[in-house]
Amino acid sequence: MTDYQPSLALREHMLEGNPASLLEALLLFGVQNPNAELTRMRKDGLRIESKRVPMAKIIVRINKFVQCSVPDDLPYRELTMTEYWIAR
């Protein structure tokens with residue numbers, strides 16, 4: 001039986017061409033320090049790019065896998081978060 005490795009799961013997800021945010025790294029993959037993992041990927045020679053996107057976009061992606069709701073008074077459509085991807 002192989003052990004689950006959160007950082008490896010995040011890396012494979014991104015290598016498949018999928019973007020990921022810090023929130024997704026924590027909730028979906030269990031990466032405790034996503035910024036450190038992104039730094040490791042850069043040190044390994046991967047070109048990580050980023051852009052700011054509405055938080056609503058990230059919540060929609062998360063909800064494909066787990067149920068995630070935001071507080072009623074949080075303006076999540078106006079808030080932005082950073083999503084990262086591996087450039088080809």
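Okay, let's start inside: by class, the residues lining the largest cavity come out as 8 nonpolar, 1 polar and no charged. Nonpolar here takes in Ala, Val, Leu, Ile, Met, Phe, Trp, Tyr, Cys and Pro; charged is Asp, Glu, Lys and Arg; the others, Gly among them, go down as polar.

Quick housekeeping. This is a predicted model, where local features need pLDDT of at least 70, side-chain atom pairs count only at pLDDT 80 or more, and totals for chains, interfaces and linings use all residues. Residues are numbered from 1 along each chain as its sequence is written, and side-chain values use heavy atoms, with hydrogens and water left out.

Back to the cavity. By cavity I mean a set of points, on a 1 Å grid over the protein atoms alone, where a 1.4 Å probe fits but cannot get out; lining residues have an atom within 4 Å of a point. Grid points are joined across faces, edges and corners, and the volume is the space filled by probe spheres set on the points. On that rule we get 1 cavity of 30 Å³ or more, and the largest holds about 50 Å³. Who lines the largest cavity? That would be Leu10, Met14, Ala20, Ser21, Leu22, Ala25, Pro34, Leu38 and Tyr84. Two or more lining residues each come from helix H1 (6-15), strand S1 (20-21), helix H2 (22-29) and helix H3 (34-43). Helices (H or I, at least four residues) and strands (E, at least two) are DSSP runs, numbered from the N terminus.

Next, the packing. A nonpolar core is a set of buried Ala, Val, Leu, Ile, Met, Phe, Trp, Tyr and Cys residues joined through side-chain atoms within 4.5 Å. Buried is under 20% relative accessible area, exposed is over 50%, partly exposed is in between, with a 1.4 Å probe and protein chains only. The largest core has 12 residues: Ala9, Leu10, Met14, Ala20, Ala25, Phe29, Val31, Leu38, Met41, Ile48, Tyr84 and Ile86. H1, H2, H3 and strand S3 (80-86) each put in at least two, and H1 has the largest share, with 3 residues. Apart from that core there is another one, of 10 residues, including Val53, Cys68, Tyr76 and Met81. As background, nonpolar side chains tend to be buried together in soluble globular proteins.

Let's stay on H1. Its buried residues are Ala9, Leu10, Arg11, His13 and Met14, and the cover over them includes S1, H2, H3, S2 and S3. Take Met14: leaving out residues up to four places away in sequence, it touches Ala20, Leu38, Met41, Ile48, Tyr84, Trp85, Ile86 and Arg88, where contact means heavy atoms within 4.5 Å. Now Leu15, also in H1. Buried or partly exposed? Leu15 is partly exposed, because its relative accessible area is 36%. Leu15 and Ile48 are 33 residues apart in sequence and 10 Å apart C-alpha to C-alpha. Just after H1, Gly17 takes a positive phi of about 95 degrees.

On to the sheet. It's open, with 3 strands in the order S1-S3-S2 and antiparallel pairing. Two strands pair if DSSP finds at least two bridges between them. The edges are S1 and strand S2 (48-54), each pairing on one side only. S2 and S3 share 7 antiparallel bridges; among the partners, Val53 goes with Met81 and Lys51 with Glu83. S1 and S3 have 2 antiparallel bridges, and Ala20 is partnered with Tyr84. S3 is largely enclosed by the rest of the structure, because 5 of its 7 residues are buried.

Glu24 sits in H2. Buried or exposed? Glu24 counts as buried, because its relative accessibility is 4%. Beyond four places away in sequence, Glu24 touches Pro19, Phe29, Ile58, Arg61 and Ile62. Then Arg77, in the loop between helix H4 (55-62) and S3: Arg77 counts as exposed, because its relative accessibility is 60%. Again skipping residues up to four places away in sequence, Arg77 touches Pro54 and Ala56.

How values were computed. 1 Å grid on protein atoms, 1.4 Å probe; cavity = no way out; pocket = protein on both sides within 12 Å on 5 of 7 lines; lining within 4 Å.
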